[in-house]
Amino acid sequence: MTTWTTDAVLAASTEWVWVPDDAQRVQTEELLVVGYPDHFEVPTSARVFGSGRDPEELLDEVDRVARGFGRDEVWWIVTDTTRPEGLERALLARGGTVTERADVLALPIAEGLPDLGVPAEVEIRRVTDERTLRDALGVEADAFQSKPVPEDRIPQSLAELQTGLADDSSGRVVAYVEGVPAATGGWTLAGEVCRLWGAGSATALRGRGAYRAVLAERLRIGRDRGATLGLTHGRVDTSSPILRRVGFTRYGEQRHVHVDVPG
């Protein structure tokens, strides 16, 4: 069983990368650049896994890749431990702006789960069909004020869900308050880590315990399947304070830096 030191948690956070099948992708030992489908909130992202090269050289390389994707902007993912050390300064010098700050949050779960005080009237359901998927996507669009998922992606999203139904390796849940979809969230298992993603609450039903229900269910599933750590990236001003109140510890910060691609 892994001992979850600060370095181990931050390494697990850095390793967390998701690229959908229909995305454009260029990856080397040093960096990853992804061109997501247009409806994604962040259409093009880049991150460095560790490099000793000059930051300007890396930025120029990513700009070339983004232009090859037909993109004119990139959202870089950086942390306090990103190397080369001057990468974020170089991005800001090129006119980059920090668009999102998220805390790296983790909770050891091998010895048990916290009591999150989920109200009895909150119902939790696994997303297994089109109806529950649409409920989850509707809550997600409301919670994050994001574009609706295009209709032609619904079958693909359903197919992706099937891969985790047999072994609980991944999936989504939806919480309902008085029969109304109120919160949603997903998880993916990576070894002993239960990665918690996409959690949000419908604006009209916040404060009713639905977010806590979604969190509790995903942690339960992860622990039942051998996970010893719950890991997530919580937005500094919204979900992070909630998660820290229920027992998660902050290990660092992850930032999205938006920069235009010249030429």
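This report walks through selected features of a predicted model.

Helix 5 covers residues 154-165, which makes 12 residues. From the first C-alpha to the last, helix 5 reaches 17 Å. That is close to the 16 Å expected at 1.5 Å a residue.

An α-helix has 3.6 residues a turn, so residues three or four places apart point the same way.

## Loops around helix 5

The loop between helix 4 and helix 5 holds Gln145. Phi of Gln145 is near 50 degrees. That is a positive value in a residue other than glycine. Is Gln145 buried or exposed? Its relative accessibility is 64%, so Gln145 counts as exposed.

Asp168 sits in the loop between helix 5 and strand 7. Phi of Asp168 is also positive, near 65 degrees, and Asp168 is not a glycine. Asp168 counts as buried, because its relative accessibility is 15% and the cut-off for buried is under 20%.

## Ile124 in strand 6

Strand 6 contains Ile124. With a relative accessible area of 31%, Ile124 is partly exposed. Residues up to four places away in sequence are left out of its contacts here. Ile124 then touches Val173, Val174, Ala175, Ala213, Val214 and Glu217.

Now look at Ala216. Ile124 and Ala216 are 92 residues apart along the chain. Their C-alpha atoms are separated by 9.9 Å.

## A cis peptide bond

Where in the chain does Pro84 lie? Pro84 belongs to the loop between strand 4 (73-79) and helix 3 (87-93). The bond that joins Arg83 and Pro84 is a cis peptide bond. Its omega is about 15 degrees.

## The cavity

How many cavities of 30 Å³ or more does the count give? The count comes to one. The largest cavity has a volume of about 30 Å³. Its lining is made by Leu59, Asp63, Trp76, Leu91, Arg94, Val259 and Asp260. Two elements give two or more residues to this lining: helix 2 (55-68) and strand 11 (249-260). By class, the lining of the largest cavity has four nonpolar and three charged residues, and no polar ones.

## The second largest pocket

The second largest pocket holds about 230 Å³ of space. It is lined by 19 residues. Closest to its centre are Leu10, Thr14, Thr79, Thr81 and Thr82.

Helix 1 (6-15), strand 3 (44-48), strand 4 and strand 11 each give two or more residues to the lining of this pocket. Which element gives the most? Strand 11 does, with four residues. The classes in the lining of the second largest pocket are seven nonpolar, eight polar and four charged residues.

## Gln254 and Arg101

Gln254 is part of strand 11. With a relative accessible area of 8%, Gln254 is buried. Neighbours within four places in sequence are set aside for its contacts. Gln254 is then in contact with Ser13, Arg47, Ile77, Val78, Thr79, Glu100, Arg101, Ala102, Val104 and His233.

One of these contacts, Arg101, lies in strand 5 (residues 97-108). Arg101 is partly exposed, with a relative accessible area of 41%. Leaving aside neighbours within four places in sequence, Arg101 is in contact with Gly234, Arg235, Val236, Glu253, Gln254 and Arg255. How far is Arg101 from Leu113, 12 residues apart along the chain? Their C-alpha atoms are separated by 27 Å.

Terms used:
Residues numbered from 1 in each chain as written. Predicted model: local features only at pLDDT ≥ 70, side-chain atom pairs only at ≥ 80, totals over all residues. Heavy atoms only, no water. 1 Å grid on protein atoms, 1.4 Å probe; cavity = no way out; pocket = protein on both sides within 12 Å on 5 of 7 lines; lining within 4 Å. Points joined across faces, edges and corners; volume = space filled by probe spheres on them. Nonpolar A, V, L, I, M, F, W, Y, C, P; charged D, E, K, R; others polar. Expected span 1.5 Å × (residues − 1). Buried < 20%, exposed > 50% of the residue type's maximum accessible area, 1.4 Å probe, protein only. Contact = heavy atoms within 4.5 Å.
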